[in-house]
Amino acid sequence: SLIRPGPIQGNMVHPYLRRRQGIEPVTYPHPSLEPALKETLGVILFQEQVLKVARDMAGFTPGQGELLRRALGAKQATDQLEKFRAAFLAGAAANGVAADVAEAVFRQLLVFGGNPSAKSHASAFAVLVYQSGWLKLYHPRAFYVALLNNQPMGFWNAAVLTNELRRQGIPVLPVDIHLSRSKCSIEATGIRLGLNYVKRMAETHIDAILPARAGGPFPSLDNFCRRTRIGRNRVETLILSGAMDTWGVPRRQLLWELGTLSLQEDALDLVIDPTPVPLPPLSSIDAMLAEQTALGLSPGDHMMTHHRAELQQRHILGSSDLASCPNGASVRVAGLLVVHQSPPTAKGFHFLTLEDEDGMINVIVRPPVYSEYRHIIHSQLFLLAEGRIQREGHVVNILAEWIHWL
């Protein structure tokens with residue numbers, strides 16, 4: 001309910017948070033409003049409170065209050081709102097409320113009423129958040145498997161979820177032609193990625209693999225191709241994803257072998273022993289990029305891990321370094337851009353979330369800075385940002401002064 005246009009525009013978010021933390025005393029615009037606003041510490045947060053405020057301060061009936069609430073949320077209701085304003089001020093005066101107080105309260109209703117949240121809506125979300133938090137704490141593997149198996153959904157994509165799993169010490173096991181199910185599953189040591197995460201892999205191809213392996217393990221690439229008949233493109237993607245690492249054969253070698261196989265359905269069932277060709281193995285970075293291409297994520301280390309030593313030499317901080325930085329300090333940070341937000345109520349401000357191997361970095365971009373670096377923000381995955389620390393409690397933001405690609 002706090003992060004809605006109404007409370008944000010009405011400057012109600014920070015007062016509520018300060019009062020909740022005991023930093024600011026709870027006050028009310030008028031004593032008559034304490035019954036309506038006591039549960040929200042003197043701040044209007046819910047739709048229903050509009051009706052209660054109008055009732056308690058200006059003597060509105062429930063019907064009048066509902067009509068006021070509708071008018072506050074309607075477009076081009078200026079004339080109607082002016083009538084309600086006159087009735088509100090008159091009713092407040094009849095109840096002994098000073099004109100300036102009544103005027104201030106009505107202005108607050110005007111600002112708040114554009115897009116408020118109903119208390120029932122907030123309560124339903126609170127239940128979901130509590131249940132999700134409970135599952136995440138006590139049954140994290142089941143919780144994350146459910147999220148991974150229902151993508152796209154929510155705020156974070158599958159790559160961010162798998163990175164969070166690693167930070168929690170829960171192994172993300174790679175796709176495996178012998179062990180993976182159609183979707184992600186729980187194993188004794190971690191979470192196994194499902195065959196559905198392999199690009200180009202439709203349900204018909206998965207339905208060809210699962211029954212075929214019921215006849216026993218696939219001893220070779222040729223045997224897998226002949227028993228599944230899923231096509232060269234799908235097999236190539238499986239190789240790049242690491243799903244065939246089970247044989248201990250380098251991926252480049254498997255790709256070369258795939259090119260020598262005849263996969264036509266009417267071909268004779270002959271095994272051709274190709275002449276081995278020595279090929280250099282994929283580097284760890286090349287293997288990760290191949291997995292990103294094939295899966296949209298990598299079950300191995302975070303990409304930023306491979307750049308950390310160089311970044312440290314350049315005095316570029318990671319997310320774990322920011323906790324010890326003083327407020328106002330000038331810092332440089334880098335990471336993978338995972339979220340870019342620009343709410344209509346933010347007055348041109350943009351909010352970026354960068355991710356590295358240890359966590360998230362919040363970057364605030366002011367309108368002039370965004371105007372100068374917008375092309376970089378929209379065209380690059382890895383960003384380097386320089387700015388000043390803004391610390392409020394445990395929350396650390398970087399107010400960006402310039403942004404570049406990494």
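These legends describe close-up views of a predicted model.

**View 1. Helices α13 and α14 in contact.**
Helix α13 covers residues 232–241 and helix α14 covers residues 251–260. Their axes come within 9 Å and cross at roughly 170°. An angle over 145 degrees counts as roughly antiparallel, and α13 and α14 are therefore roughly antiparallel to each other. From α13, the residues that make the contact are Arg232, Val235, Glu236, Ile239 and Leu240. From α14, they are Arg251, Leu254, Leu255, Leu258 and Gly259. Sorted by class, this contact of α13 with α14 has six nonpolar, one polar and three charged residues.

**View 2. The surroundings of helix α13.**
Val235, Thr237, Leu238, Ile239 and Ser241 are the residues of α13 that are buried. The buried residues of this helix pack against α14, and also against α11 (203–213), α12 (221–228) and α15 (284–295). After α13 comes Gly242, with a positive phi near 90°. In the loop between α12 and α13 lies Arg229. Arg229 also has a positive phi, near 55°, and is a residue other than glycine. With a relative accessible area of 34%, Arg229 is partly exposed.

**View 3. Helices α8 and α9 at an angle.**
Helix α8 is made of residues 119–138, and helix α9 of residues 140–148. The two pack with their axes 5 Å apart, at an angle of about 120°. This angle makes α8 and α9 oblique to each other. On the α8 side, the contact is made by Ser132, Leu135, Lys136, Leu137 and Tyr138. On the α9 side, it is made by Pro140, Phe143 and Tyr144. By class, the contact of α8 with α9 has six nonpolar residues, one polar and one charged.

The loop between α9 and α10 (158–167) holds Pro152.

**View 4. The buried and exposed sides of helix α5.**
Helix α5 has twelve residues, 62–73. From its first C-alpha to its last, α5 reaches 17 Å, close to the 16 Å expected at 1.5 Å a residue. Gly65, Leu68, Ala71 and Leu72 are the buried residues of α5. Seen down the helix axis, these buried residues fall within an arc of 125°, so they line one face of α5. Pro62 and Arg70, on the other side of α5, are exposed.

**View 5. Leu41, a buried loop residue.**
Leu41 sits in the loop between α3 (34–37) and α4 (47–58). Although Leu41 is not a glycine, its phi is positive, about 60°. The relative accessible area of Leu41 is 18%. Buried means under 20%, so Leu41 is buried.

**View 6. Gly190 in strand β3.**
Strand β3 consists of residues 190–192, and Gly190 is in this strand. Gly190 counts as buried, at 0% relative accessibility. Not counting residues up to four places away in sequence, Gly190 touches Arg141, Ile170, Pro171, Leu173 and Ser185. Gly190 and Val172 are 18 residues apart in sequence, and their C-alpha atoms are 6.0 Å apart in space.

**View 7. Phe351 in strand β5.**
Phe351 belongs to strand β5, residues 350–356. At 30% relative accessibility, Phe351 counts as partly exposed. Neighbours within four places in sequence left aside, Phe351 is in contact with Val339, His340, Gln341, Pro343, Ala346, Val363 and Ile364. One of these residues, Gln341, is ten residues from Phe351 along the chain, and the C-alpha atoms of the two are separated by 5.1 Å.

**View 8. Ile376 in helix α17.**
Helix α17 takes in residues 367–379, and Ile376 has its place there. Ile376 is buried, with a relative accessible area of 13%. Leu383, Ile403, His404 and Trp405 are the residues that Ile376 touches, not counting those up to four places away in sequence. Arg200 is 176 residues from Ile376 in sequence, and in space the two are 30 Å apart, C-alpha to C-alpha.

Terms used:
Residues are numbered from 1 along each chain as its sequence is written. This is a predicted model: local features need pLDDT of at least 70, side-chain atom pairs count only at pLDDT 80 or more; totals for chains, interfaces and linings use all residues. Side-chain values use heavy atoms; hydrogens and water are left out. Axes are lines fitted to C-alpha atoms, for helices over the stretch in contact, and angles run from 0 to 180 degrees between N-to-C directions. Helices (H or I, at least four residues) and strands (E, at least two) are DSSP runs, numbered from the N terminus. Angles under 35 degrees count as roughly parallel, over 145 as roughly antiparallel, 65 to 115 as roughly perpendicular and the rest as oblique. Contact means heavy atoms within 4.5 Å. Ala, Val, Leu, Ile, Met, Phe, Trp, Tyr, Cys and Pro count as nonpolar, Asp, Glu, Lys and Arg as charged, and the others, Gly among them, as polar. The expected span of a helix is 1.5 Å times one less than its number of residues. Buried means under 20% relative accessible area, exposed over 50%, partly exposed in between (1.4 Å probe, protein chains only). The arc is that of the directions from the helix axis to the C-beta atoms.
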